[in-house]
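Me: I am new to this structure. Please walk me through a few of its helices.

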Amino acid sequence: WMDGFLFQPEDLSEMLAAGTKQIHEKAENTQFVKDFLRGRIRKELFKLGAVALYYTYTALEEEIERNKDHPHFAPLYFPAELHRHEALARDLEYFYGPEWKSHASCSKATQQYVDRIHQVGQEDPVLLVAHAYTRYMGDLSGGQVLKKVAQRALKLPPTGEGLEFYQFDAIHSAKAFKQLYRSRMNELEVDMETKKRLVDEAVKAFLFNIEVRGQAEGAVEDVLDAGMPVHGAMGGDISKCPYYNAKMGNLCPDLLCLAMAALRHPTGQVLFATWFAALAGLVAWYLM
């Protein structure tokens, strides 16, 4: 029982919590989590993490728009309250300036998750519920803790610039809204088999994040061992990300910016930043 909402074990929200408990425990004791909560954050990685989140949320919110009238998603359609890709774009403009798109890179790991979101939205929209719930409920929970830690550690302005991603202006009580969202989700007319599929999809989202982390760890080690950048399949070229290319068109990156990025080992940083974005979501879930 929670402030007027009585949740039962067979409710979808309860099944998701129980079904992802083990993977929460796997994420909660990583050194990255401990370092982040202690304020040990590199600003460049934080910025690149916002890039990865921008790709993720742009894909998620395009599919939400596509399915906003679908009976299995319509009750969870809260664009004014929840959608994040425009806030992330403002954060990236704060960090990188008006030409921030020339700094963005779609890593292979990010693209794999983006592709899964599009596949779900187009082929099996009910599973979009698992992705939306995992991200947005985490943002409204532990994400607020992460905002305070990042603001302090990175010495960002108290007025919120660079952290608009974490600011939900249309939600006055995060706790009340989360309860409303869970209640709406529990009222969806889905059978037990579909609920189990949704739990499986939520676990899959966590596994995607862990896969990203593993890839990032390996890439960073390779870069450090070699002492030089090792380009991945994307080559750091945003125009090679099919989703971004389709939405934004081809870009001509500034050569000086590319040279500076090369000196900072771009592949390792981009992949590690994607790891940051993935683990931020895991931390948020843990702190719910």
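## Helices in a predicted model

Reply: This is a predicted model. Helix α9 covers residues 142-153, which makes 12 residues. From its first C-alpha to its last it reaches 17 Å, close to the 16 Å expected at 1.5 Å a residue.

Me: Which residues of α9 are buried?
Reply: Buried means under 20% relative accessible area. In α9, the residues that count as buried are Gly142, Gly143, Leu146, Lys147, Val149 and Ala150.

Me: Are α8 and α9 parallel, perpendicular or oblique to each other?
Reply: Helix α8 spans residues 128-140. Its axis and that of α9 are 3 Å apart, and the two helices pack at an angle of about 50°. Angles under 35 degrees count as roughly parallel, and 65 to 115 as roughly perpendicular. The pair is therefore oblique.

Me: Which residues make that contact?
Reply: By class, the contact has one nonpolar, four polar and one charged residues. From α8 come Gly138, Asp139 and Leu140; from α9 come Gly142, Gly143 and Gln144.

Me: Is Thr56 buried or exposed?
Reply: Thr56 sits in helix α4, residues 43-66. Leaving out residues up to four places away in sequence, Thr56 touches Thr110, Tyr113, Val114 and Ile117. Its relative accessible area is 11%. The cut-off is 20%, so Thr56 is buried.

Me: How many Å apart in space are Gln119 and Glu63?
Reply: Gln119 belongs to helix α7, residues 108-123. Gln119 is partly exposed, at 36% relative accessible area. In sequence, Gln119 and Glu63 are 56 residues apart. C-alpha to C-alpha, they are apart by 9.3 Å.

Definitions and conventions. Residues are numbered from 1 along each chain as its sequence is written. This is a predicted model: local features need pLDDT of at least 70, side-chain atom pairs count only at pLDDT 80 or more; totals for chains, interfaces and linings use all residues. Side-chain values use heavy atoms; hydrogens and water are left out. Helices (H or I, at least four residues) and strands (E, at least two) are DSSP runs, numbered from the N terminus. The expected span of a helix is 1.5 Å times one less than its number of residues. Buried means under 20% relative accessible area, exposed over 50%, partly exposed in between (1.4 Å probe, protein chains only). Contact means heavy atoms within 4.5 Å. Axes are lines fitted to C-alpha atoms, for helices over the stretch in contact, and angles run from 0 to 180 degrees between N-to-C directions. Angles under 35 degrees count as roughly parallel, over 145 as roughly antiparallel, 65 to 115 as roughly perpendicular and the rest as oblique. Ala, Val, Leu, Ile, Met, Phe, Trp, Tyr, Cys and Pro count as nonpolar, Asp, Glu, Lys and Arg as charged, and the others, Gly among them, as polar.
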